[in-house]
Amino acid sequence: MTKPVLQVIIGSTRPGRVGPAVAQWFFDIAAAEGSFDVELVDLVDYNLPIFDEPRHPVLRQYEHEHTKRWSATIARADAFVFVVPEYNHSFNAATKNAIDYLNHEWKHKPLGIVSYGSMAMGVRAVQALKPIFSALRLIFCGEVTIPLPINPVVDGVLSSNEVLDKGAAAIVRELAIMSPPLQQLRESGAF
Ligand SMILES: Cc1cc2nc3c(=O)[nH]c(=O)nc-3n(C[C@H](O)[C@H](O)[C@H](O)COP(=O)(O)O)c2cc1C
């Protein structure tokens, strides 16, 4: 039987970013849990310009190849974990841009957030993301926030600890509970 697809989305796009290391840490925990086929999705690979579709995404009438490609990726997911940095007391612009490109592809799917920053730990990024996901009818399944001064990325690997590992595993378990009923609802045509 095929497993549902969980996409771990790397939101940071800057050269030298730590996002991929944080995402890899979460990916390994999610893959070990076993409920999902886990994919890493890196915004850098999609090279999305600042939103440039002429029509509202709710119409799903995309003109540009970059949008069609991004849409096809997100449409095949059953659950998401956004891995986002805190920038200026919020989350980074590339993440918002990538979210705004689409609409139905996000809807009625469960998601978790992994955020990181300096001593603010990415908490303000999480708070800023929540109303956006709510507007898109994503179902929130938990968060982990990481203080990089305490849990740095060293040689491309996140220095995690038991608390962070348990928090990540709890998100995966919650996503695994919410994913099948939401998939059923999407397939029922009720929405
Ligand atoms: C433009 C910018 C703004 C930042 N603002 C904050 C902030 O408001 N709060 C915080 O805790 N860390 C802040 N940081 C620190 C970042 O969270 C940290 O550098 C992190 O590594 C960024 O993620 P990335 O390396 O994956 O891009 C900021 C970093 C940048 C580049």
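Strands β1 and β2 run parallel and are joined by six bridges; strands are DSSP runs of E with at least two residues, helices are DSSP runs of H or I with at least four residues, and both are numbered from the N terminus. Two strands are taken to pair if DSSP finds at least two bridges between them. The model is predicted: local features need a pLDDT of at least 70, side-chain atom pairs count only at pLDDT 80 or more, and totals for chains, interfaces and linings use all residues. Residue numbers start from 1 along each chain as its sequence is written.

The chain passes from β1 through α1 to β2 in a right-handed β-α-β crossover, a term applied if, with the strands pointing away from the viewer, the path from the first strand over the helix to the second runs clockwise. Strand β1 is also joined by five bridges to strand β3 (residues 79-87), and these two strands run parallel. The bridge partner of L6 in β3 is A79. Strand β1 (residues 5-10) is largely enclosed by the rest of the structure, because five of its six residues are buried. A residue is buried if 20 or more other C-beta atoms, placed from the backbone, lie within 10 Å of its own, exposed if 12 or fewer do, and partly exposed in between.

The largest nonpolar core contains 50 residues, and V8, V22, F26, A30, V81, F82 and V83 have the most contacts inside it. Helix α1 (residues 19-33) supplies the largest share of this core, seven residues. Such a core is a set of buried Ala, Val, Leu, Ile, Met, Phe, Trp, Tyr and Cys residues joined through C-beta atoms within 7 Å. Apart from neighbours within four places in sequence, V22 is in contact (C-beta atoms, placed from the backbone, within 7 Å) with V83, V114, Y116, I146 and L158.

By contrast, P49 counts as exposed, because it has 10 C-beta neighbours inside 10 Å. This proline, P49, lies in the loop between β2 (37-42) and α2 (65-75).

In helix α5, the buried residues are L164, G167, A168, I171, V172, L175, A176, S179 and L182. The elements covering them include β1, α1, β3, β5 (110-117) and β6 (139-147). A kink of about 30° lies at S179, shortly before the proline P180; the bend is the angle between axes fitted to the seven residues ending at a residue and the seven starting there. Just after α5, G189 adopts a positive phi of about 80°.

Notes. Two residues are in contact if their C-beta atoms, placed from the backbone, lie within 7 Å.
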